[in-house]
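Here is a short briefing to read with the model open beside you. Take the topics in any order you like.

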There are 2 protein chains.
Amino acid sequence: MTKKKLDHRALARLISEIENDRDAAEKTLAKLYRDPENVQVIGITGPPGAGKSTLTDSIIGKLREAGKTVAVVAVDPSSPFTGGAILGDRIRMSTHANDPQVFIRSMGSRGSLGGLAHATFDVVNLLRSSGFDAVIVETVGVGQSEIDVLAVADTVVLTLVPGLGDDVQALKAGIMEIADIFVVNKADRDGKERLLAEIRMILELNRDRFDWVPPICETVATEHRGIDGLMEQVTLHGAYVREHRDAVRRPKLARQIEKMAADKIGRNILAILNEGGKFPAWMDAIIAGTKNPYQITQEIGNYISVRKEA
Amino acid sequence: MTKKKLDHRALARLISEIENDRDAAEKTLAKLYRDPENVQVIGITGPPGAGKSTLTDSIIGKLREAGKTVAVVAVDPSSPFTGGAILGDRIRMSTHANDPQVFIRSMGSRGSLGGLAHATFDVVNLLRSSGFDAVIVETVGVGQSEIDVLAVADTVVLTLVPGLGDDVQALKAGIMEIADIFVVNKADRDGKERLLAEIRMILELNRDRFDWVPPICETVATEHRGIDGLMEQVTLHGAYVREHRDAVRRPKLARQIEKMAADKIGRNILAILNEGGKFPAWMDAIIAGTKNPYQITQEIGNYISVRKEA
């Protein structure tokens with residue numbers, strides 16, 4: 001609230017750099033990265049059609065009413081064929097698009113979802129470091145990459161709606177486990193009780209795994225109903241994260257480091273493979289038919305290691 | 001043509017295994033992998049709406065007329081939201097769906113396109129090893145992952161259509177460079193001459209880079225027109241690959257190995273990071289705020305290496 005904020009144009013330029021040159025992004029963020037305790041990164045996820053963007057819009061409104069500055073990253077995994085969704089999000093978020101205290105950025109898929117996860121870590125971490133009071137990352141909760149992205153969030157809000165067929169069951173396994181708050185949006189719809197019962201059952205089955213028992217909030221985001229109750233839980237969870245910082249943040253940071261390290265190694269794989277000088281010989285063996293690519297890959301697995309002396 | 005073929009049910013089982021357990025897939029393929037000279041893997045790519053599936057269907061027909069057995073892998077990068085496209089491909093390919101000499105498999109995105117590329121390498125390599133005369137891999141030529149997938153193909157057919165807006169320019173940079181044969185499909189449409197001129201210009205600009213100068217074939221796949229001409233070029237290119245096996249295959253195999261190695265390392269990243277015993281200390285430093293995740297990632301980059309003695 002008090003920290004100096006980067007201006008939007010400078011932020012946009014840094015984000016473009018991050019998206020286009022990951023080595024440069026790493027260097028920039030190694031310098032800029034800050035992790036202030038009072039900044040809360042809120043992940044909003046859920047299946048398509050759950051009303052995530054409308055909910056995000058309502059949450060931005062509440063944060064602004066409380067005088068907080070907000071940055072929003074909308075992760076759009078739509079392929080280049082369905083670019084429409086990006087536009088859709090932008091239109092729905094336009095309530096706050098002209099508010100200078102709100103920074104909104106949509107991220108396209110730029111080719112591969114794998115790459116998207118890393119770029120999203122970077123953009124969210126940049127915004128976390130840039131003096132906003134809250135950072136919202138909105139992502140469709142369908143694929144593994146989208147779940148990976150949520151390792152960057154302090155508080156994960158899983159948005160569901162009644163009557164979406166197999167409801168909870170249709171969600172990617174794993175997403176139920178990272179939800180800190182459940183939202184039953186469009187709670188005026190038929191099927192709400194069934195959905196609530198399903199969520200409660202899952203929470204009950206997993207009760208031993210929780211220190212923080214995820215609350216279930218009912219909302220009708222289009223009518224701004226239930227948002228105060230949701231914000232109360234978001235605030236409570238923010239306090240919980242601050243209090244149990246080590247226990248909550250450590251596994252999330254470990255997951256980020258894993259992903260970032262795998263990405264870095266992937267980008268440098270040719271240099272790593274060439275370092276030992278074996279790469280040409282491997283290729284010769286495959287071309288000659290004495291080894292096949294899978295045997296070589298197995299060899300490479302044994303070959304890569306860490307410097308013990310490092 | 002003479003090699004014993006795995007039955008379809010056994011193949012389907014192996015493919016499921018490959019998709020679900022990459023470590024097991026690697027072991028299986030290390031044993032099963034064969035790369036017979038007379039098997040041609042044909043990649044069919046191009047933008048959405050270019051008629052790739054119809055073209056694939058025509059090509060299957062021609063290969064069957066010549067008495068050849070065919071396996072088809074349709075890579076469908078559509079997200080879980082647009083599952084319709086998979087069904088669409090299946091319907092359009094149904095001409096040959098009941099032919100016991102034709103094996104057809106659609107691959108969904110299964111979460112991440114990155115993972116899809118590796119699974120596609122595996123499935124195509126399995127089919128290459130399984131006694132089919134030809135393997136077709138059909139993929140939308142939009143993202144980097146789709147281009148990566150084509151490293152597994154001996155012959156890449158890039159399908160374009162007139163009047164798709166910015167035509168050639170809209171395609172991902174890099175895809176023009178891997179095309180062995182250009183197809184102008186729907187060649188009865190307005191805008192054909194402009195598209196042909198654009199392709200010729202690009203070929204002219206890159207002429208020095210080619211040993212094989214990519215021919216341009218005109219087709220109307222829905223009416224099976226121009227397919228004989230295309231098949232002639234596919235056959236010619238197959239002969240060219242056999243003749244210049246080392247020069248053609250080596251860079252493609254190198255790209256496959258890079259991707260497979262990066263994937264393998266990514267899967268084992270936790271074990272690799274833990275091997276040096278530094279992971280907990282890295283986490284401690286981040287939690288304590290003495291290092292940030294980007295500084296740690298840079299350290300990891302220097303830390304991973306190859307065993308010199310291997």
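Two strands pair if DSSP finds at least two bridges between them. Helices (H or I, at least four residues) and strands (E, at least two) are DSSP runs, numbered from the N terminus. With that in hand, β2(B) and strand β4 (residues 134-140) of chain B pair in the parallel sense over six bridges. This is a predicted model, in which local features need pLDDT of at least 70 and side-chain atom pairs count only at pLDDT 80 or more, while totals for chains, interfaces and linings use all residues. Residues are numbered from 1 along each chain as its sequence is written, and chains are lettered from A and ligands numbered from 1 in the order in which they are written.

**Confidence**

- The model scores ipTM 0.82 and pTM 0.72.
- Chain A has a mean pLDDT of 81, with 81% of its residues at 70 or more; pLDDT is the predictor's confidence in each residue, from 0 to 100.
- Two residues are in contact if their C-beta atoms, placed from the backbone, lie within 7 Å.
- Residues 109-114 of chain A are also below 50, with 25 contacts in the model beyond near neighbours in sequence.
- Where pLDDT is low, the predicted coordinates should not be read in detail.

**Chain A overall**

- Chain A has 14 helices and eight strands.
- Of its 310 residues, 45% count as buried. A residue is buried if 20 or more other C-beta atoms lie within 10 Å of its own, exposed if 12 or fewer, and partly exposed in between, with C-beta atoms placed from the backbone.
- Among contacts in chain A between residues at least 6 apart in sequence, 76% join residues at least 24 apart.

**The sheet of chain A**

- Seven strands form an open sheet in the order β3-β2-β4-β1-β5-β6-β7 (chain A), with parallel pairing.
- β3 (102-107) and β7 of chain A are the edge strands; each has a single partner strand, so one side of each lacks a neighbour in the sheet.
- On average, neighbouring strands of this sheet are turned by 20 degrees against each other, direction ignored. Axes are lines fitted to C-alpha atoms, for helices over the stretch in contact, and angles run from 0 to 180 degrees between N-to-C directions.
- Strand β6 (residues 181-184) of chain A runs parallel to β7(A), joined by three bridges; V183(A) has C217(A) in β7(A) as its bridge partner.
- Helix α3 (residues 52-65) of chain A packs on the sheet, touching β1 (40-46), β2 (70-75), β3, β4, β5 (155-160) and β6 of chain A, and its direction makes about 175 degrees with that of β4(A).

**A closer look at T139(A)**

- T139(A) sits in strand β4 (residues 134-140) of chain A.
- Is T139(A) buried or exposed? T139(A) is buried, with 29 other C-beta atoms within 10 Å.
- Leaving aside neighbours within four places in sequence, T139(A) contacts G43(A), T45(A), V75(A), E146(A), V149(A) and L150(A).
- L150(A) is 11 residues from T139(A) in sequence and 8.3 Å from it in space, C-alpha to C-alpha.

**Helix α1 of chain A**

- The 13 residues of helix α1 (residues 8-20) of chain A should span 18 Å at 1.5 Å a residue, and its end C-alpha atoms are 18 Å apart, which agrees. The expected span is 1.5 Å times one less than the number of residues.
- L14(A), I15(A) and I18(A) are buried in α1(A).
- Down the axis of α1(A), the buried residues fall within an arc of 100 degrees, so they line one face of the helix. The arc is that of the directions from the helix axis to the C-beta atoms.
- R9(A), R13(A), S16(A) and N20(A), on the other side of α1(A), are exposed.

**Strand β2 of chain B**

- Strand β2 (residues 70-75) of chain B is mostly covered, with six of its six residues buried.
- V70(B), V72(B) and A74(B) point one way from β2(B), while A71(B), V73(B) and V75(B) point the other way.
- Six bridges join β2(B) to β3(B) in parallel, and V72(B) has I104(B) as its bridge partner in β3(B).
- In β4(B), T139(B) stands opposite V75(B).
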